[in-house]
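Subject: Structure handover

Hi,

Here is the structure I promised to pass on. Please have it open while you read the notes under it.

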Amino acid sequence: MEAVHTATAFYRPFVSLPSFPTSVSTKLMYVSFHHSKHFPHFKPHKQFSVQASKNKHHEYSDNKTEELLKDRDDNPEGIDLGWLPVFPHVLTASMANFLFGYHIGVMNGPIVSVARELGFEGNSIIEGLVVSIFIAGAFIGSLASGFLVDKFGCRRTLQIDTVPLIIGAILSAEAHSVDQVLWGRFLVGLGIGVNTVLVPIYISEVAPTKYRGSLGSLCQIGTCLGIIASLFIAIPAENDPHWWRTMLYVASVPGFILTIGMQFAAESPRWLCKMGRLDDAKSIIRSLWGPTEVDSAIEEFLSVFNKDEGNINTTWSELFEESNYKVALIGGALFLLQQFAGINGVLYFSSLTFQDFGLSSAALASLYVGLTNFAGALSALYLIDKQGRRKLLIGSYIGMAVSMFLIVSAISFPDEDVSHNLSILGTLGYIYSFAVGAGPVTGIIIPELSSSRMRGKIMSFSFSVHWITVIV
């Protein structure tokens with residue numbers, strides 16, 4: 001029987017076996033003679049038919065043979081399209097990361113115009129508060145996200161979460177006082193805090209395991225595109241002092257798109273199974289992962305659920321259990337390392353680096369940074385499932401260390417032109433290295449290490465550490 005497998009595997013790339021009721025051995029003999037012009041020196045070995053006839057009770061049925069060859073016939077080029085069914089759902093969810101990126105960049109340029117119009121120009125404390133209250137809201141949102149996702153599921157929570165995002169954006173755009181701007185930015189931060197936790201969980205539970213890393217990279221890509229979009233839209237702000245209101249109105253549009261889009265997106269099959277909605281879970285697995293994955297996936301989900309003795313409610317105290325605190329510790333440590341590696345400092349001072357190089361436009365300098373970040377995210381999309389999470393993380397931090405060494409060396413370099421070139425190279429190299437590994441992998445690996453039951457709480461804890469380190 002082993003010979004039959006060998007022969008079938010050998011011929012499969014070249015031919016489609018004829019569809020008539022016959023044994024595997026007969027089919028193999030037919031193929032051998034029928035295609036002998038392609039292999040003039042190849043003679044079929046009698047062992048194929050003899051071995052198959054001796055083991056008739058192990059023969060493949062015709063239906064099974066045709067099923068094994070169906071994928072090859074339908075896809076002669078061998079292109080892997082297994083990611084395609086789930087891609088629209090993941091793309092819709094990553095709109096939340098686009099919003100995250102947009103709100104990161106939306107206040108950086110127009111903050112001077114906002115301060116002038118609302119009467120706090122020159123007050124560095126209020127200016128800093130307008131920017132940082134966003135982070136405070138995100139911290140609270142990240143803590144609340146675990147409860148929301150356990151109760152309502154990813155799909156419904158993403159829709160609910162658009163409410164503070166939309167209201168906050170419109171309130172900020174309509175603001176005529178500092179209080180209104182602060183409340184608007186706080187609401188936006190609240191929504192972003194929930195989304196940054198929710199989207200990696202959603203992708204990890206909806207995407208097939210084989211494509212989870214690549215599809216998870218859409219989080220980083222969405223954030224990069226959001227930053228770039230905010231920089232493009234901010235260009236008229238240099239000549240129009242009231243343009244910042246338009247920018248904040250625009251911020252509400254992706255929220256509406258996300259609300260409508262998630263209405264047609266699939267719910268997490270894990271959450272459906274946990275809620276006892278097995279038929280819905282099977283339907284989604286069948287449409288996104290394929291019919292052959294239904295039974296094994298449901299069996300896996302139920303085994304985890306039964307192990308927890310049907311208790312679907314989770315508490316924060318469970319983070320201290322041995323099976324959970326290690327993952328939570330790893331998640332918190334990865335985000336701590338990610339922020340303390342200096343990414344925020346490099347991004348903040350990148351415009352000054354470009355100004356020293358002779359590029360006076362801060363918006364153009366930020367655009368170069370955004371495009372470099374985007375290029376790194378695209379590289380991660382390609383590499384993450386091929387090289388693995390661990391290699392990408394190690395390589396990313398090595399690249400960041402080398403780039404930081406270039407930046408430091410440029411400060412003391414005697415030749416000014418070479419010094420500026422080294423600064424630019426180090427800055428862009430650092431941002432690219434971050435976007436390839438430390439940026440996307442950190443958010444992807446934590447839900448993969450977490451148990452299905454405690455995933456929401458572990459992600460909430462990890463991202464709360466992230467927002468605390470951002471403030472620090």
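Below are my notes, from the whole chain down to single residues.

This is a predicted model, so to speak of local features I needed pLDDT of at least 70, and side-chain atom pairs count only at pLDDT 80 or more, while totals for chains, interfaces and linings use all residues. Residues are numbered from 1 along each chain as its sequence is written, and side-chain values use heavy atoms, with hydrogens and water left out.

The chain has 22 helices and zero strands (DSSP runs, H or I of at least four residues for helices and E of at least two for strands, numbered from the N terminus). Of its 472 residues, 49% are buried, meaning under 20% relative accessible area with a 1.4 Å probe, protein chains only.

Among contacts (heavy atoms within 4.5 Å) with a separation of 6 or more, 79% join residues 24 or more positions apart.

Beyond four places in sequence, Ile458 touches Leu319, Asn324, Val327, Ala328, Ile446 and Ser450.

Ile445 sits in H21, residues 416-449, and counts as buried because its relative accessibility is 15%. Leaving aside neighbours within four places, Ile445 contacts Leu334 and Arg389. The C-alpha atoms of Ile445 and Leu334 are 9.8 Å apart, across 111 residues of chain.

Best wishes

Conventions. Buried means under 20% relative accessible area, exposed over 50%, partly exposed in between (1.4 Å probe, protein chains only).
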